Amino acid sequence: MPNDASRLPVGRGLLYLIITGAAWGTVGAAASLVYRTSDMGAFGLSFWRCALGLLLLLAGRRLRPRGRPAAAGPLRRRIGRALATGLGLALFQTAYFAAVESTGLAVATVVTLGAGPVLIALGARLLLGERLGAGGVLAVAGALAGLGVLTLGGTAATVRPAGVLLALASAAGYSVMTLLTRWWGRDGGADAAGTTVWSFAVTGLCLLPFALQEGLLPHTAHPARLLWLLVYIAAVPTALAYALYFAGAAVVRSATVSVIMLLEPVTAAVLAVALLGERLTAATTAGTLLLLGAVVGLAVGEARGAGRRGPVPA
């Protein structure tokens, strides 16, 4: 598991982010199986995802060989970073689930994941001085077009203003989390493992009241299947993926991070066709190709730029 982002080459950070996007894309299929297997709700699933993921991360830290510790900074700074990242993550997840309930999966997904790259690109330009350039702007535009085609193509989506506002709030939480991670990583002061652990602890505490109200312990006729699904969700798209995400986001430009994370709906679309029996439509194919083209273009540009700037871009 990555520990000190200050020693992480940009190329490896890009690889970490690609793995993260693909892993996050499996959550929807796994969650749909959880819902079919039990009466667990969205807040309960989110809480257990964070709680079990936190336990796995703590176990991994105890089992990992001890090397030179990452530069973590004073205790007050670490607490502040954990609170800020954890609150951003809680807003990202909770507002997204609420948006899905209000306006449907398609609209919530396209607004959240579509607004994210725009907010991050603006924030990175204004706060971090990061420039996309003409090629980067075209790549982001292509990614947003691909996301819209992939998510809304061939659907009779209903747009509700309240759901759109919730989706924008979710995108804002994701943007804050990404920009802060990049900001802290620029001076080599990011401890990816520590950030992940403490962020999960804060997020779990934020989600606990909602999960208790919804029902923390689900009823199921297939407890072994439910447990296996929860362990998978906690281990792969949560503990592993977020550790890789925080490490990669600390060394890769923020706008590039946001576009690479659009691999999530690509993976979800592939799984929907391969495992859930959904039809491969022209919209699915076109949207997937547009998104993959944008991700590849930005990743290649980021790697070339890193070679000119050095291992950790400023």
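## Close-up views of an all-helix chain

Of the chain's 314 residues, 51% count as buried (buried means under 20% relative accessible area, exposed over 50%, partly exposed in between, with a 1.4 Å probe and protein chains only). This is a predicted model, in which local features need pLDDT of at least 70 and side-chain atom pairs count only at pLDDT 80 or more, while totals for chains, interfaces and linings use all residues. Residues are numbered from 1 along each chain as its sequence is written, and side-chain values use heavy atoms, leaving out hydrogens and water.

**View 1. The chain has 12 helices and 0 strands.** Helices (H or I, at least four residues) and strands (E, at least two) are DSSP runs, numbered from the N terminus. Residues 24 or more positions apart make up 91% of the contacts with a separation of 6 or more; contact means heavy atoms within 4.5 Å. The chain exposes about 14,500 Å², and carbon and sulfur atoms supply 69% of that area (Shrake-Rupley method, 1.4 Å probe; for residues, only the protein chains shown count as cover).

**View 2. The largest nonpolar core has 35 residues.** A nonpolar core is a set of buried Ala, Val, Leu, Ile, Met, Phe, Trp, Tyr and Cys residues joined through side-chain atoms within 4.5 Å. Tyr174, Tyr245, Val257 and Met261 have the most contacts inside this core. Helices that each supply at least two of its residues include α1 (10–24), α7 (161–186) and α10 (254–260). The largest share, 9 residues, comes from α9.

**View 3. Here we zoom in on Met261.** Leaving aside neighbours within four places in sequence, Met261 touches Leu17, Thr20, Gly21, Trp24, Tyr174 and Tyr245.

**View 4. Arg49 sits in helix α3 (residues 42–63).** With a relative accessible area of 11%, Arg49 is buried. Beyond its neighbours within four places in sequence, Arg49 is in contact with Trp24, Val27, Gln93, Ile233, Ala234, Pro237, Thr238 and Tyr242.

**View 5. Leu75, Ile79, Leu83 and Leu87 make a nonpolar surface patch of about 380 Å².** Patches are made of residues with over 30% relative accessible area and no salt bridge, with like charges joined within 9 Å and nonpolar side chains (Val, Leu, Ile, Met, Phe, Trp, Tyr) within 5 Å. A salt bridge is a side-chain nitrogen of Lys or Arg within 4 Å of a carboxyl oxygen of Asp or Glu. Leu83 lies in helix α4 (residues 75–103) and counts as partly exposed because its relative accessibility is 42%.
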